[in-house]
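Thanks for coming. I will walk through a few local features of one model, so please have the sequence and the structure in view.

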Amino acid sequence: MAIKDFFVQTNPGRRRYGVALLVGIISGVLSAFVKWGAEVPLPPRTFTGGRDEFNPPYLFLRDYLGIDPTHTVYTFSEHIINPVMVTHIIFSLVFAIGYCIVAEVFPKVKLWQGVWAGIVATIAVHWISFPLLGLTPSLANIPADEYISELVGHIFWFWSIELIRRDLRNRITHEPDAEVPLNATTR
C-alpha cells in the first residue's frame, strides 16, 4: 500500500457527518471505559522520579487551556471520583468524534479496524507531542512499560471506537460505509 492510498477520499454524497458526530459521542464515552480498563492490568505511569501525579490530558487542560479539572470531582457510592476520569472522557470524546468524521472522508484511517489509528495517536500524542509540550519526559526518559501501556491501551481504545462506529453507522443509515458501493453485498 502506497502513502497516497491514505488520502483516497469517499464520494461526498455518501458521507454522513451528522451520524458520524452522534456515533463519535457514543463511541467516545464507551471507549473511555475501554481505555480505563486497559490501564488496570497495564498502568501507564510509574510516578517515579518526582513526576506529577496527574495524567498528561489533565496537565494539558490545566497548563495550556486554563481549565481546572479538579472542579469536576464528585462522589459516587461513597467514593470521591478523581478528575482524571473526566479528562479521559473529554479526550476520548474529542478523538472519537474526530476519528468518526475523518473515517467518513478517508477510509484508510480505519485500517486494521482502527488499530492503525491507535498506533498513530500514540506516536503523535504520547511519544512526540506530550514530550515537546513538557507534559511528559522524553521517550528516552520513560520506562518501557509506560509507553508499552499507552500503545496497548490506545490500540484497544481505537479498536473499540471503530467497532462501535461501524456497527452504529450501518444500523442508523441502513447502508455500508461510504467507500463501499451501495450495491455491494455486505455483512
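E78 counts as exposed at 79% relative accessibility; exposed means over 50% relative accessible area, buried under 20%, and partly exposed in between, with a 1.4 Å probe and protein chains only. E78 is found in the loop between β1 and β2, and has a positive phi of about 65 degrees although it is not a glycine. S77 sits in that loop between β1 (74–76) and β2 (79–81). Its phi is also positive, at about 50 degrees, and S77 is not a glycine either. S77 is exposed, at 55% relative accessibility. Strands here are DSSP runs of E with at least two residues, and helices are runs of H or I with at least four, numbered from the N terminus.

A word on the source: this is a predicted model, where local features need pLDDT of at least 70, side-chain atom pairs count only at pLDDT 80 or more, and totals for chains, interfaces and linings use all residues. Residues are numbered from 1 along each chain as its sequence is written, and side-chain values use heavy atoms, with hydrogens and water left out.

Now the salt bridges. How many salt bridges does a search of the whole structure find? The search finds nine, a salt bridge being a side-chain nitrogen of Lys or Arg within 4 Å of a carboxyl oxygen of Asp or Glu. One of them joins the side chains of K110 and D177, at 2.8 Å from N to O. K110 lies in the loop between α3 (83–105) and α4 (115–133) and D177 in the segment after α5, so this pair ties together parts 67 residues apart in sequence.

Are K110 and D177 buried or exposed? K110 is buried at 9% relative accessibility, and D177 is buried at 6%.

D177 also forms a salt bridge with R165, with the closest N and O atoms 2.6 Å apart. R165 lies in helix α5, so that pair links parts twelve residues apart in sequence. R165 is buried, as is D177.

Another bridge pairs the side chains of D167 and R171, at 2.7 Å from N to O. These two are four residues apart in helix α5, and therefore separated by about one helical turn. D167 is partly exposed, at 36% relative accessible area, whereas R171 is exposed at 55%. Salt bridges that share partners also join K110, E162, R165, D177 and E179 into one network.
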